[in-house]
Amino acid sequence: MTVDQAAGARDTAPRSAHVPVVIVGAGPVGVTAALLLARRGVRTVVLERHHDIYPLPRAVAADDEVRRILQAAGVGDEFAAIARPARGLRLLDGQHRVMAEFPRATQGAHGFPQTSMFDQPELERLLRDALARRPECDLRTGVEVVGINVGIGVDGGQDGNGPVRVTFRRDGVEEHLWADAVLGCDGAGSLTRDAVGAGWQDLRFEERWTVVDVRTSAPVRCWEGVEQICDPDRPATFMRVGEDRYRWEFRLRDEPEPDHERLRELIAPWVDPSCGADLEVVRQAQYTFRARIADRWRRGRVFLLGDAAHLTPPFIGQGLGAGMRDAHNLTWKLARVLQQGADERLLETYESERKPHARHAIRLAVTMGWAMTGGQDGAAALRRGVLGAAFRIPGLPAAAARDLSPALAAGPLVRRRALRRARWGGRGLVGGICPQPWVTADGWRVRLDELLGDSFAVLTAAPPSPSLRAVADGLGARTVAVAGLGDDGRLSAWLREGRADAVLLRPDRVVMDEVPSGAADFTDIAGWAPLLHSARKPLPAQQTTDTSLLRSATR
């Protein structure tokens, strides 16, 4: 049975039905959001206008945090089978001399290679295969969404507080769905963005590039990473994507797209021109790289994710990653509101957390783009010289790489307080993401998140106080003592470096609160507890876990 047949077999709802969540768009972000919601028992209908996945490559790079999100969605092992680790990024001058290098580790803090190359159609296929295995998910392809009415109230007004009506056409017939929430994962031309009344904020970057994907068995000069040519006359990007797959990107000015002969000239620094007959151009397309962010990401229970909310130039490889982070941030909050009656204000933290984070990534991409390509002005050579000198400073390339996904800013679910800084010093661990080492539990070797599950978790290096136990029970959180986990002491060292005896992890593994060294309790339970308050019966609390009680958690 194909994915579409499986989806059709489950499509028995009437033509005006109610579902918890409608997702508009079945790209990687939309399908990942559906899988993350399914793992929390939330039913979704995914509406996609195309009948099948787009067959040509687009996104080609994922960082280790994105791989951790794919793990959370249940496709981590499948993705590992199609991914190829990359060594990092090199900046080359116009003569292809190395100016700076950003190395990427074979295993980052999230437990995966810091950069992985992949083929987007392969990723989309494995995501849709996973979707077909989930009874909570209903994928409907070949449908066109034509209307989203936000929050239809009992009087027919759009007050943003009622259910959302989604209108779509399938086989020429107009149908409706009523949803408790709608996720707009429908790309840069998003209909959902219009429905929430959002406009673009222009972050002042726009360049026209041609992107060429090539398959060849000919020898190609590469270092198994990404190369950025910092040449204002012909800036370019080159990367190896697969065993015999390569991608080049060249900036265009007032010139036509390169024909085959011109393309062979452009790639001559990497491939001997005499091998031209062995080059198969898989795809060649023009793109306008833009830097934009939506001025609002939500109206009522309608949300924007991925390219519907932000457009990022590709220079730091964070376009797809930003959308995957959107899905990871929003889905656990939405599930808690829909299933456990958490405060509606919890959903407000999606935009307040993700928007500054996405803006940071876009500005970093713009900065790197102008520095690397040299821009189009007379100061280009000066900037390239400064860039080369700066990145010879020891430790700076590694620091720049870490800044790709900084800690979340303080907010309702990121509890940083002046008391913490004054009494214990430093910012602490709050707002950052917990590392994910391999751990050993009762003879089982698993990644940390597989042990912690999909809900909240407490990691502690000290015996938990009664109040800490009560907090964990109230959240249904697993409490894990880090000593004796077989992780070579990584989690203990992480807590020690952060001057914390324990941390409270959100379902997306962001540190929400901490117990500073020598203290007994979290710093600000009263700040975040009201948002997570459940008007319904809470999930069963899980016991404090030590290494003798882990067998059932790891099977």
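In which sense, left-handed or right-handed, does α3 pass α8? The tour below reaches that crossing at its second stop.

**Before starting**

The model is predicted, so local features need pLDDT of at least 70 and side-chain atom pairs count only at pLDDT 80 or more, while totals for chains, interfaces and linings use all residues. Residues are numbered from 1 along each chain as its sequence is written, and side-chain values use heavy atoms, with hydrogens and water left out.

Helices (H or I, at least four residues) and strands (E, at least two) are DSSP runs, numbered from the N terminus.

**First stop: helix α2**

Select residues 28-38, which form helix α2. Is this helix enclosed or open? Eleven of the eleven residues of α2 are buried, so the helix is largely enclosed by the rest of the structure. Buried means under 20% relative accessible area, exposed over 50%, and partly exposed in between (1.4 Å probe, protein chains only). Among the buried residues are Gly30 and Ala38.

Axes are lines fitted to C-alpha atoms, for helices over the stretch in contact, and angles run from 0 to 180 degrees between N-to-C directions. α2 and α5 are therefore roughly parallel to each other. Angles under 35 degrees count as roughly parallel, over 145 as roughly antiparallel, 65 to 115 as roughly perpendicular and the rest as oblique.

Show the side chains where the helices meet: Pro28, Val31, Thr32, Ala34 and Leu35 in α2 are in contact with Gln120, Leu123, Glu124, Leu127, Arg128, Ala130 and Leu131 in α5. Contact means heavy atoms within 4.5 Å. Sorted by class, this contact of α2 with α5 has eight nonpolar, two polar and two charged residues. Ala, Val, Leu, Ile, Met, Phe, Trp, Tyr, Cys and Pro count as nonpolar, Asp, Glu, Lys and Arg as charged, and the others, Gly among them, as polar.

α2 and α8 pack at an angle of about 30°, with their axes 9 Å apart. That makes α2 roughly parallel to α8. The contact is made by Pro28, Val29, Thr32, Ala33, Leu36 and Leu37 of α2 and Leu320, Gly323, Met324, Ala327, His328, Thr331 and Ala335 of α8. The residues of this contact of α2 with α8 divide into nine nonpolar, four polar and no charged.

**Second stop: helices α3 and α8**

As for the opening question, α3 passes α8 in a left-handed crossing. A crossing is left-handed if the near helix is turned anticlockwise from the far one by less than a right angle, and right-handed if clockwise. Glu65, Val66, Ile69, Leu70 and Ala72 in α3 meet Gly321, Met324, Arg325 and His328 in α8.

Select Gln436 in the loop between α12 (418-424) and β20 (438-441). At 1% relative accessibility, Gln436 counts as buried. What does its side chain reach? The side chain of Gln436 reaches the backbone oxygen of His110 at 2.8 Å and the backbone nitrogen of Asp449 at 3.2 Å.

Move to Thr237 in strand β14 (residues 236-240). At 5% relative accessibility, Thr237 counts as buried. Its side chain makes a polar contact with the side chain of Gln228 (2.6 Å). A polar contact is a pair of N or O atoms within 3.5 Å; within protein, one must be able to donate a hydrogen and the other to accept it, and residues adjacent in sequence count only if both atoms are side-chain atoms. Now select Glu249, twelve residues from Thr237 along the chain: the C-alpha atoms of the two are separated by 5.0 Å.

**Last stop: two positive phi values**

Most residues other than glycine have a negative phi. Asp171, in the loop between β10 (164-170) and β11 (173-184), has a positive phi near 55°. At 72% relative accessibility, Asp171 counts as exposed. Finally, select Arg509 in the loop between β24 (500-505) and β25 (511-516). Arg509 has a positive phi of about 70°, and at 2% relative accessibility Arg509 counts as buried.
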